[in-house]
Amino acid sequence: MSCFLMINSWAGSDQEMATEKMARVFRMGQEEASPIVDNLANGNPWQFDHQVSDRQSEMAEPYLRNLGFDVERIPVIGDDGMGMPMQGSSTGKTGFFAKIKNLFKKKR
């Protein structure tokens, strides 16, 4: 099974180092990672666009948490390469997709 990685926020002491490490983990340039970390520091979540294997996510999650990122693994429904994120969270916290679902529920 695979999952999507959702990063809900960043709260650390060295944003430049966090940006550099995040860029390496997600194989992107620092120019791309810098605004993402800025947004995370302001409480705006970000989701990696690609599915990640369980093995990769089990290594990335604690590494990113140690850097100050609030990481959430979102299991994929229909793990056929075209899967959709499941609602809810593997960490027990209310994640981005669960928050959106709750917004739609409240409008009924």
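Student: Why is strand β1 (residues 2-10) largely enclosed by the rest of the structure?

Tutor: First, a word on the model: it's predicted, so local features need pLDDT of at least 70 and side-chain atom pairs count only at pLDDT 80 or more, while totals for chains, interfaces and linings use all residues. Residues are numbered from 1 along each chain as its sequence is written, and side-chain values use heavy atoms, with hydrogens and water left out. Buried means under 20% relative accessible area, exposed over 50%, partly exposed in between (1.4 Å probe, protein chains only). In β1, 8 of the 9 residues are buried, so the strand is largely enclosed.

Student: Which strands does β1 pair with?

Tutor: Strands (E, at least two residues) and helices (H or I, at least four) are DSSP runs, numbered from the N terminus. Two strands pair if DSSP finds at least two bridges between them. Here β1 runs antiparallel to β4 (residues 69-77), with 7 bridges. It also pairs in the antiparallel sense with β3 (residues 52-53) over 2 bridges, and with β2 (residues 46-47) over 2 bridges. C3 has V52 as its partner in β3 and P75 in β4.

Student: And what about the largest nonpolar core?

Tutor: Nonpolar side chains tend to be buried together in soluble globular proteins. A nonpolar core is a set of buried Ala, Val, Leu, Ile, Met, Phe, Trp, Tyr and Cys residues joined through side-chain atoms within 4.5 Å. The largest one here has 20 residues, and those with the most contacts inside it include I7 and W46. Helix α2 (30-41) gives the largest share, 4 residues.
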